[in-house]
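Q: I'm new to this one. Can you walk me through it in short answers?

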Amino acid sequence: MEMRNQSGSERFVYEPDFIRISPGDTVVFVPIDKGHNAVSIDGFGADGDQPINVGFNKEVSVTFDKPGIYGVKCTPHVGLGMVGIIVVGEVEVPEAARASIAKLPPKARQRLELLLGQVGRS
């Protein structure tokens, strides 16, 4: 999952911003441009898992052992819509995730709603 200032016409994005993997798979967060991080969005993830906390300008590999929908945001750019999700296994969108979206800035909410619409698709 690359952390970018721009991709095509979109600014401040993770690329891709939607990843579907199996339990036990690893996602590598790659800082293509400086000034980005990736931290968990409250209400997403699996019970008992450690929150995602990729530091600024760091390349970090994260292995996802438990099924769930993991939301990430870039702390300084969440207001600009820099969010993404990682779907691990076959899961439904939890109500806690939907509720937490309402607390985010408008651009982040809009992008997450679009991404969550892809969860049920193959």
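Q: Which residue stands opposite D25 in β7?
A: F64 stands opposite D25. Strands here are DSSP runs of E, at least two residues, and helices are runs of H or I, at least four residues, numbered from the N terminus. This is a predicted model, where local features need pLDDT of at least 70, side-chain atom pairs count only at pLDDT 80 or more, and totals for chains, interfaces and linings use all residues. Residues are numbered from 1 along each chain as its sequence is written, and side-chain values use heavy atoms, leaving out hydrogens and water.

Q: How many bridges join β4 to β7?
A: Five, and β4 (residues 25-31) and β7 run antiparallel. Two strands pair if DSSP finds at least two bridges between them.

Q: What order do the strands take in the open sheet?
A: The order is β2-β1-β4-β7, four strands with mixed pairing. β2 and β7 (60-64) are the edge strands, each pairing on one side only.

Q: And β1 with β2, parallel or antiparallel?
A: Antiparallel, over five bridges, with β1 covering residues 2-7. R4 has V13 in β2 as its bridge partner. The two strands form a hairpin with two residues between them. In the turn, G8 has a positive phi of about 60°.

Q: Back to F64. What is F64 in contact with?
A: Leaving aside neighbours within four places in sequence, the contacts of F64 include I21, P23, D25, V27, I52, Y70, I86 and V88. Contact means heavy atoms within 4.5 Å.

Q: Which residues have the most contacts inside the largest nonpolar core?
A: M1, Y14, V27, F29, F64 and I86, in a core of 20 residues. β2, β3, β4, β7, β8 and β9 each supply at least two of its residues. Such a core is a set of buried Ala, Val, Leu, Ile, Met, Phe, Trp, Tyr and Cys residues joined through side-chain atoms within 4.5 Å. Buried means under 20% relative accessible area, exposed over 50%, and partly exposed in between, with a 1.4 Å probe and protein chains only.

Q: What lies apart from it?
A: Another core, of 17 residues, among them I69, V93, I101 and L112.

Q: New topic. Which residues of helix α2 are buried?
A: In α2 (residues 106-116), they are A108, R111, L112, L115 and L116. Seen down the helix axis, they fall within an arc of 135°, so they line one face of α2. That arc is taken from the directions from the helix axis to the C-beta atoms.

Q: What is exposed on the other side of α2?
A: P106, Q110 and L114.

Q: What covers the buried residues of α2?
A: The cover includes β2 (10-15), β3 (18-21), β8 (68-73), β9 (83-88) and α1 (95-101).
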